Amino acid sequence: MDNIYRHRRAELLKQLPDDSLVILAGYQQKVRSKNIKYHFRQDNDFLYLTGFDEPDAIAILVKREVSEYLLFSRPKDPAQEVSFGSRAGVEGAVEHYGADRAFSNTLFEQTLLPLLQNIKTLYISDELGRFSSSLVNWSNHHRFNSSFDTPKYFTSIKPLAELLHPRRVVKNQAEIAKIRNAVTASTAGHLAVMQACHPGINERQLSSLFDFTIAKYGCNDVAYPNIVASGNNACCLHYEENSSQLQDGQMLLIDAGGELEHYASDITRSYPVNGRFTPEQKAIYQLVLSALDQAINKVRPGAMWNSLYNTCMQVMAEGLKQLGLLSGSIEQIMATESYKRFTVHKTGHWLGMDVHDVGPYHDNNGKWRTLETGMVFTIEPGIYIPEDATDVPEAYRGMGIRIEDDILVTANGFENLSADVPRTVEEIEHCMAHT
């Protein structure tokens, strides 16, 4: 189990300067109410480097002449394990997770402080600020607690994300396989919802159906809260109430992705509640799909990241002008960005352990990053026309249409991982007619 994590730690150590130390803070379990806790989800940077999936854990990496990996975990406790499940304990941290040394997490600080002697750079990965109030004291401990004629080291503190997050952007084959499995589960979930959709059903029922379906494929969670938004609800980008009853004549937008083996998927589809597009719904839908497909066709190693957004905006601006929803010349529309009234968000993000995965979109010179083989990301153009847009013909109002696919950069171009979820007008109407 530890081979991939051992390799990742070794690669990270190569990037670190000599006499440096890394503190990785795992997440703590959160209380939902009284003695009921939320389902635990580990910090992804911690998990990426350790594979250790228990709460209240901490890890240390030390780069010296002899480097070392220490893991601090909850000790074994038979009474607690009867109630809340088994623990790896100190022995398991070494035997199963590859730690050179392991300790109870209660011994973290007293073990850390001697290790900091002669450390010149302290890297911290602590997403929730678990140790933010202690860092400066730790970095100064040796300087303030040694004799006056002892060499002093002024330790600098740096975020580990600066080194680690760029590494997470390009996925290896094992990671791609996990994302593919998550997409497969979500594809089944989207198909089930599409076929169950009809006037009178509640958004919550469709959300639950998605969860039920992806569970059959091994998902024990979603990558983010499901967005099941009918009618004007879809104009709220992160609508999560999922409580409205679907009405005949509305569009439904569902943005939902399962998480499998700690890797996310992220797929959005939009379609008519009754299974048949009106002319106006079809016009907007075809426009968004055209933007998506033209952007996808730009994907190849060496392409600029921002070219995908620019392509989507150009296609949708031209289409909105042709439909009479934007006025002026296309040059004026693009220059003033008046299209942003209806296209209100960016059109993609990295995908991996986080649904909005970490990593820079610019290179070290501030230029847009170029695509590389093994990158996985979403492309997700959308057009939103709320009910209160009274200067727009009524037939267009109260709909949000977004289409989102998960894209892998290959050596020769791209693979649309989510292409099996119906996406053309014909595919959608055919799928919904066979319920």
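Colleague: What share of the 435 residues in the protein is made up of buried residues?
Modeller: Buried residues account for 52% of the 435 residues. The model in question is a predicted one.

Colleague: What describes the overall architecture, in helices, strands and dimensions?
Modeller: The protein has 13 helices and 19 strands. Along the principal axes, its C-alpha atoms fill a box of roughly 80 × 55 × 40 Å. Of the contacts between residues at least 6 apart in sequence, 70% join residues at least 24 apart.

Colleague: How do you know that the span of helix H11 agrees with its 17 residues?
Modeller: Helix H11 covers residues 306-322, and at 1.5 Å a residue it should span 24 Å. The expected value is 1.5 Å times one less than the number of residues. The end C-alpha atoms of H11 are 25 Å apart, which agrees with that expectation.

Colleague: What makes H11 largely enclosed by the rest of the structure?
Modeller: Twelve of its 17 residues are buried, so H11 is largely enclosed. Among them are Asn306, Leu308, Tyr309, Cys312, Met316 and Leu320. The elements that cover these buried residues include helix H10 (279-296), helix H12 (330-336), strand E15 (376-379) and strand E16 (382-385).

Colleague: What backbone feature is found just after H11?
Modeller: Glycine 324 adopts a positive phi of about 85° there.

Colleague: Why are H8 and H13 called roughly perpendicular to each other?
Modeller: The axes of helix H8 (residues 173-196) and helix H13 (residues 425-433) cross at roughly 65° and come within 7 Å. Angles of 65 to 115 degrees count as roughly perpendicular, and H8 and H13 are therefore placed in that class. Their crossing is right-handed. On the H8 side the contact is made by Leu191, Met194 and Gln195, and on the H13 side by Ile428, Cys431 and Met432. By class, the contact of H8 with H13 comprises five nonpolar residues, one polar residue and no charged residue.

Colleague: Which residues of H8 meet helix H9, and at what angle do the two axes cross?
Modeller: The axes of H8 and H9 (residues 203-215) cross at roughly 145° and come within 8 Å. This crossing is right-handed too. H8 contributes Ala185, Ser186, Ala188, Gly189, His190, Ala192, Val193 and Ala196, which meet Leu206, Leu209, Phe210, Thr213 and Ile214 of H9. The contact of H8 with H9 has nine nonpolar residues, four polar and no charged.

Colleague: Why does threonine 213 count as buried, and what does it touch?
Modeller: Threonine 213 lies in H9. Its relative accessible area is 7%, below the limit of 20%, so threonine 213 is buried. Leaving out residues up to four places away in sequence, threonine 213 touches Ala188, Gly189 and Ala192.

Colleague: Why is glutamine 205 placed in its accessibility class?
Modeller: Glutamine 205 is also found in H9. A relative accessibility of 46% lies between the limits of 20% and 50%, so glutamine 205 counts as partly exposed. Its C-alpha atom is 9.6 Å from that of valine 228, a residue 23 places away in sequence.

Colleague: How do you know whether lysine 171 is buried or exposed?
Modeller: Lysine 171 is found in the loop between helix H7 (161-169) and H8. At 5% relative accessibility, under the 20% limit, lysine 171 counts as buried. Neighbours within four places in sequence aside, lysine 171 is in contact with Ile176, Ile179, Leu351, Gly352, Asp357 and Gly374. Glycine 413 is 242 residues from lysine 171 along the chain, and their C-alpha atoms are separated by 16 Å.

Definitions and conventions. Residues are numbered from 1 along each chain as its sequence is written. This is a predicted model: local features need pLDDT of at least 70, side-chain atom pairs count only at pLDDT 80 or more; totals for chains, interfaces and linings use all residues. Side-chain values use heavy atoms; hydrogens and water are left out. Helices (H or I, at least four residues) and strands (E, at least two) are DSSP runs, numbered from the N terminus. Buried means under 20% relative accessible area, exposed over 50%, partly exposed in between (1.4 Å probe, protein chains only). Contact means heavy atoms within 4.5 Å. Axes are lines fitted to C-alpha atoms, for helices over the stretch in contact, and angles run from 0 to 180 degrees between N-to-C directions. Angles under 35 degrees count as roughly parallel, over 145 as roughly antiparallel, 65 to 115 as roughly perpendicular and the rest as oblique. A crossing is left-handed if the near helix is turned anticlockwise from the far one by less than a right angle, and right-handed if clockwise. Ala, Val, Leu, Ile, Met, Phe, Trp, Tyr, Cys and Pro count as nonpolar, Asp, Glu, Lys and Arg as charged, and the others, Gly among them, as polar.
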